[in-house]
Amino acid sequence: MLRIYQQELAAHCSVPVATSALLQVPMVARMLPKGKRPAILTFSAESLTVHHLAAVGIDPQTPVVGMPVSSEFQRSIREGDTSVPFAVLKNEVLGVARQMVENDPSIGAIVCECTNITPYSHDLKRELGVPVFDMVTLVHWFHRALRPERFLQE
C-alpha cells in the first residue's frame, strides 16, 4: 500500500522511486485507443480506495475489480497457505478477469495491482487478448530508464 506515499517518498529521496504497479495506469490510459480504458485487477477492491488511486494520478472512474473474499486466492494469502495448487489460483484469477472484460467492453488493458497476480499475467494476456501490466513490467520499464540501451556507433 505504499502507493499512497508515492509523492511524499519521491519528494524526499535523491533517486527515482516507484512504489506500485498502479503508477502505470495513467500512462496505459493515454496509450489506449479512443473508447478504451485500463482496468485494475487487485486482491481486494474494497481496500483500494479513491485516495490510493488519486495518490498516483488515476482517474477515479477506472474500473477496479478484486478477487472474491470467498476465493482460494484471497484465503490462501490471508492464511499464508502455500498448499493451494498454482492451477487453482490461476483459474480463479482468469475467471475474475474474464468476467471483468466481458462485463465492460471498454476495458482495453489490465493493470495487476496485486503482486501475487503477476504470475498469471501471461495467461491473462493470452486468454483475454488485452495488454497486461504488472509489477514486473514496471520494474523493466524503470530499469531501462536507469540503464538505457547502449547503441554502438561506427
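Hi everyone, let's begin with the sheet: four strands form an open sheet in the order 2-1-3-4, and the pairing is parallel. At its edges sit strand 2, residues 64–66, and strand 4, residues 132–133, each of which pairs on one side only. Please keep in mind that we are looking at a predicted model.

Let's stay with strand 4 for a moment. Strand 3, which covers residues 107–112, pairs with strand 4 in the parallel sense over two bridges.

Reading from the N terminus, the order of elements is α-α-β-α-β-α-α-β-α-β-α. The radius of gyration of the protein chain is 16 Å, close to the 15 Å that the globule rule gives for 154 residues, so the chain is as compact as a globular protein of that length. Along the principal axes, the C-alpha atoms fill a box of roughly 55 × 35 × 35 Å.

How much of the protein chain counts as buried? The figure is 40% of the 154 residues. As for contacts with a separation of 6 or more, 62% of them are between residues 24 or more positions apart.

The protein chain has an accessible surface of about 9300 Å², and carbon and sulfur atoms account for 57% of that. On the charge side, there are 14 positive and 15 negative charges, and their mean positions lie 6 Å apart.

Note on methods:
Residues are numbered from 1 along each chain as its sequence is written. This is a predicted model: local features need pLDDT of at least 70, side-chain atom pairs count only at pLDDT 80 or more; totals for chains, interfaces and linings use all residues. Side-chain values use heavy atoms; hydrogens and water are left out. The radius of gyration is taken over C-alpha atoms; the globule rule is 2.2 Å times the number of residues to the power 0.38. Buried means under 20% relative accessible area, exposed over 50%, partly exposed in between (1.4 Å probe, protein chains only). Contact means heavy atoms within 4.5 Å. Accessible areas come from the Shrake-Rupley method with a 1.4 Å probe; for residues, only the protein chains shown count as cover. Lys and Arg count as positive and Asp and Glu as negative; His and the chain ends are not counted. The place of a charge is taken as NZ of Lys, CZ of Arg, CG of Asp or CD of Glu. Two strands pair if DSSP finds at least two bridges between them.
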